[in-house]
Amino acid sequence: MHGLYPFGTTGPQQTNMPSFPQPPPCIPELGPPNITGLLPPGMPGPPGMVNENKKNKKLDPEQVPSVVKVREDDKYSKSGVFLTGYPTAELPPLVTTNFTAHDQGNSSPRFIRSTLYSVPTTNEITNLSHLPFAVSCRPFAKTLPNEYAPPIVNFGDIGPIRCQRCRAYMCPFMKFIDGGRRFNCPFCDSSTPVIDEYFAHLDHNGRRIDISQRAELCLGSYDFVANSSYCRNNVPPNEPAFIFMLDVSYNAIKSGLVKLFCMNFKRLLSKLPKETYQEKSTIKIGFVTYDSTLHFYNLSSQSKKPEMAIVNDLDDIFIPFVDGLLVDASEAEESISRILDEIPKLFNESKTTNTCLGPVIQAGLHALKITNRNGKLFVFNTSLPMLEAPGKLVLREGKKLLGSEEEKNVLSPNGDFYNKLGEDCTKNGVFVDLFLFPNSYTDIASLSPLVSMSGGHLYKYQYFNASEEGHIFLADFENAISRDVAFDGIMRIRTSPGLRPVTFYGHFMMENPTDMEFGGIDSNKEVLVEIKYDGKLPPKEPCFIQAAILYTSVSGQRRIRIHNISLNTTDNYLSFYKNIDSDTLVTYLYKYAENIVKTKNIRAMKEEITTICAHILATYRGKCSENPPFGQLLLPESLKLLPLYFCCIIKNDGLTGGPDLNVDDRAWLMNIIGGLTTNDIIDLLYPRIIPVTQIYSNNNEEEFYIPTEVRGSYEYLKETEAYLIKNGTQIFLWIGRHVHTEWIRCIFNVNNYMEINTLLCDIPEYDNPYSRGLRKVAKMMSDDVICHSSIKIIPQGNPLEAWMKRFLVEDCFAGKNYSYIDALCLLHREIRLVL
């Protein structure tokens with residue numbers, strides 16, 4: 001298989017490659033307007049300068065940094081085992097690199113990452129460069145099978161060991177003194193006496209003799225079991241519960257949703273999350289259906305036939321019974337099966353189109369409150385809730401306002417009902433996953449605070465048809481029901497003296513300046529925290545950050561998960577720029593941009609992001625280079641892709657919209673940004689494009705190979721090749737018009753390019769090596785998406801190709817103003833103005 005590379009790696013694998021120091025990458029053709037190649041057509045120069053665009057030749061894309069090459073180089077140098085470092089953290093691999101983290105006292109970058117791994121001792125450097133100091137934390141990220149999950153430390157009734165002043169938790173950065181009888185806290189510089197039960201002698205290096213036996217002293221990530229003082233009213237919680245709330249109105253029946261749900265629900269219950277030591281999940285389940293009324297089901301194993309109680313009073317919701325409402329799934333299989341069989345029959349002739357939603361959420365929350373449980377509500381809704389009931393919404397479609405100064409009017413909630421309901425859910429340790437199946441406007445802008453405030457996920461399936469897209473919904477549903485999850489969380493970030501967290505991004509609620517509160521948080525949620533200076537850091541000493549989240553586990557145990565990171569400090573600009581994590585920086589810029597769009601407008605967002613990026617690169621040029629030619633754009637090695645990601649951000653659909661996006665599309669995209677992980681954001685901003693005609697697999701167990709990826713530009717797509725293109729929410733199979741007919745026959749069972757069925761929602765399954773290979777790669781891509789979608793099959797020249805081109809971000813398509821080259825020129829011009 002010449003030219004193909006093992007699964008998990010792409011591109012050539014060189015050995016015995018010498019390492020030479022690299023000068024900053026230089027883009028020679030960018031200069032003043034009178035230098036060839038500065039400005040593309042249509043971009044004016046600075047005031048007072050002559051625009052000679054007509055004489056300029058186009059800048060060669062091969063001369064600018066390639067995301068594919070940067071990622072391949074990172075995989076070559078950093079894939080395999082990654083040692084997290086001690087006493088200070090190592091700069092992590094890019095999120096696109098496969099690595100196995102080995103915790104040496106600093107947390108794995110899967111859990112916590114920083115924009116800076118050499119932190120200035122004062123704010124002079126960050127103020128001048130505009131480079132933000134921020135940390136992203138994904139507290140319940142999944143570990144790989146060959147990585148250790150955070151161990152659980154149990155001190156019994158004593159509870160976790162903490163600093164008596166700032167209440168930081170014991171960690172590897174605490175320094176024991178006075179023969180082990182006290183410890184100094186790096187987060188407040190105070191000392192705390194060691195209780196007798198935790199005392200241990202120190203060795204000749206001043207370290208505790210039991211350090212290797214205690215996870216909290218030698219690892220960056222671990223869990224403490226909380227005692228009763230960490231529980232509400234000092235009472236340990238009951239096991240959490242999942243309540244499934246299904247729309248059974250006319251639209252839900254007609255689309256096939258109800259039948260699909262009932263056919264697959266029992267199978268999916270086997271996926272409920274559980275502790276690693278448990279044989280089966282102890283999460284309780286409940287089931288409710290609704291249209292213009294609510295229907296509660298008795299799931300008790302004692303019930304000999306299905307029992308349903310109907311609640312008509314939507315203004316004063318009550319729970320008709322408690323016994324049998326929430327049950328163990330394994331103990332009530334028979335009653336669950338009977339009810340699932342009956343529901344499609346009961347509502348098959350329904351003509352109800354006006355439905356409620358507010359009372360549905362209120363009922364689920366009330367059911368969990370009266371049983372003293374945390375939990376999660378899975379709500380499946382098909383239409384705008386227009387029934388006269390709490391939470392009623394009205395039509396206010398305003399697509400014409402998108403992109404204008406007034407777009408905030410339709411992208412903001414219509415009232416505060418769902419915002420307050422989200423707050424109530426969070427305060428009671430409940431969060432909501434909302435699955436929407438609309439055929440028309442459903443006011444996602446008003447519904448989304450319910451989800452984002454509580455910590456849940458929002459899914460949208462426009463014009464849903466179960467026979468065509470049922471597998472997509474079921475894949476998302478399975479992910480939602482099986483993810484590692486924590487309930488009733490309170491999270492705080494602690495930092496060294498001289499630093500303080502100031503701005504918080506994510507899906508949570510805050511009632512004070514320091515604590516993030518979650519109804520729930522799962523393995524696919526991340527928070528981002530910006531850190532500012534309120535003093536000076538000690539020179540030549542690390543700075544420390546600790547993320548701690550108190551939560552209820554799936555077994556109902558209160559715990560505290562801890563993640564620690566220690567970072568080098570510096571006063572040197574070269575060291576500062578050398579140790580920047582570009583992926584975390586891009587995550588910050590994207591979430592910051594979304595916040596500007598919400599609070600100001602699109603124009604302000606573009607101006608502020610341009611200013612930040614220009615200052616970052618201008619400061620590097622001024623402080624880290626010696627008299628470079630004025631016409632050159634200098635990029636630090638760690639930020640070679642900053643101009644590319646800048647281009648991706650300022651024309652991203654979620655931030656700026658597009659001609660084919662309606663109000664709900666835009667509101668959905670804006671909603672998901674806050675909770676996205678760094679991995680998701682990198683995927684969303686830049687597509688992954690894999691040529692596939694040479695991929696094959698002789699059997700399903702065989703290790704298969706994938707070629708090197710190609711860049712996100714149409715000019716890199718060959719007419720003799722086919723490509724899988726993924727951008728985080730969409731997957732395309734693009735087929736060049738001159739692809740070999742034998743490959744087309746193997747994949748589609750047709751004789752030529754013109755006979756390909758573009759209405760297929762997935763890649764057909766045939767028993768040949770090329771079909772197996774393509775489907776393996778497609779599954780690999782679809783398993784790692786923000787939400788599942790059908791694979792759009794697009795032969796070259798198909799009308800849908802114009803939509804696909806929107807995601808080829810290095811180009812200028814579909815009304816988007818900037819190509820990659822345009823963005824480089826824009827940044828270069830701004831840098832000159834700064835200098």
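**Strand pairing and a helix crossing**

Me: In the predicted model, what makes β30 and β31 a pair?

Reply: Strand β30 (residues 722-726) and strand β31 (residues 731-735) are joined by five bridges in the antiparallel sense. Two strands pair if DSSP finds at least two bridges between them, and strands here are DSSP E runs of at least two residues, numbered from the N terminus. One of the bridges links K726 to I731 in β31.

Me: Why are β28 and β32 called edge strands?

Reply: The open sheet runs β28-β30-β31-β32, with mixed pairing. β28 (688-691) and β32 (791-795) each pair on one side only. From one strand to the next the twist averages 20°.

Me: Why are α13 and α14 called roughly antiparallel?

Reply: The axes of α13 (residues 582-599) and α14 (residues 602-624) cross at roughly 150° and come within 8 Å. Axes are lines fitted to C-alpha atoms, for helices over the stretch in contact, with angles from 0 to 180 degrees between N-to-C directions. Angles over 145 degrees count as roughly antiparallel, so the pair is given that name. The crossing is right-handed.

Me: What makes the contact of α13 with α14 nonpolar or charged in its residues?

Reply: Contact means heavy atoms within 4.5 Å. Among the residues that meet are L585 and Y592 in α13, and E608 and I616 in α14. The contact has 13 nonpolar residues, no polar and one charged. Glu counts as charged, whereas Leu, Tyr and Ile count as nonpolar.

Definitions and conventions. Residues numbered from 1 in each chain as written. Predicted model: local features only at pLDDT ≥ 70, side-chain atom pairs only at ≥ 80, totals over all residues. Heavy atoms only, no water. Helix = DSSP H or I, 4+ residues; strand = E, 2+ residues; numbered from the N terminus. Parallel < 35°, antiparallel > 145°, perpendicular 65-115°, else oblique. Left-handed = near helix turned anticlockwise from the far one by under 90°.
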